[in-house]
Amino acid sequence: VTGGRYLLKPEGSSAASTFQHDVDLLVRPARSHPITAGLGPILIQDETYRGTWISPQAEVLLATDHPSSDGPVAWIGPYRKSRVVCIQLGHGREAHQHPAYRRLVYQAIQWAAAKRP
């Protein structure tokens with residue numbers, strides 16, 4: 001449903017996923033969307049993930065080019081019977097207090113709660 005998965009152990013040709021704490025990363029909107037409205041580049045301290053599975057049908061909303069990250073950090077899941085938003089950010093106090101992160105979460109809730117047109 002979310003369109004992403006952290007691999008706890010190697011699966012097939014994929015290695016186990018990894019993460020890194022307390023990384024300063026630059027996150028940018030990947031597309032125009034109500035969830036990312038008014039957000040520009042965001043410098044935030046958070047966790048990064050590498051080696052996660054992200055569905056090719058996921059619609060990436062925010063991404064980073066930090067080397068310890070896969071790239072996408074927020075996306076719309078591929079499940080089309082309801083609005084599903086996955087936000088990988090938000091693993092610590094610094095992120096939770098960041099005004100842009102708060103705006104992102106607020107706008108994601110508003111979008112997910114709306115009826116589909």
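How many aromatic pairs does a search of the whole structure find? In this predicted model, the search finds 3 aromatic pairs. Let's walk through two of them and then visit an arginine.

**The aromatic cluster**

A pair of aromatic rings is described by the distance of the centres and the angle of the planes. Here are those values for two pairs:

| Pair | Centre to centre | Angle between planes | Class |
|---|---|---|---|
| Tyr6 and Phe19 | 6.5 Å | 55° | tilted |
| Phe19 and Tyr49 | 6.3 Å | 35° | tilted |

Take Tyr6 and Phe19 to begin with. Tyr6 sits in the loop between strand E1 (4–5) and strand E2 (18–29), while Phe19 belongs to strand E2, so their pairing ties together parts 13 residues apart in sequence. Tyr6 is partly exposed, at 31% relative accessibility, and Phe19 is also partly exposed, with a relative accessible area of 45%.

Now follow Phe19 to its partner Tyr49. Because Phe19 lies in strand E2 and Tyr49 in strand E3 (residues 42–50), this pair ties together parts that are 30 residues apart in sequence. Tyr49 is buried, at a relative accessible area of 11%. Through these ring pairs, Tyr6, Phe19 and Tyr49 are linked into a cluster.

**A buried arginine**

Arg83 is found in the loop between strand E6 (72–76) and strand E7 (85–87).

Terms used
Residues numbered from 1 in each chain as written. Predicted model: local features only at pLDDT ≥ 70, side-chain atom pairs only at ≥ 80, totals over all residues. Heavy atoms only, no water. Helix = DSSP H or I, 4+ residues; strand = E, 2+ residues; numbered from the N terminus. Phe/Tyr/Trp six-rings, centres within 6.5 Å; stacked < 30°, edge-to-face > 60°. Buried < 20%, exposed > 50% of the residue type's maximum accessible area, 1.4 Å probe, protein only.
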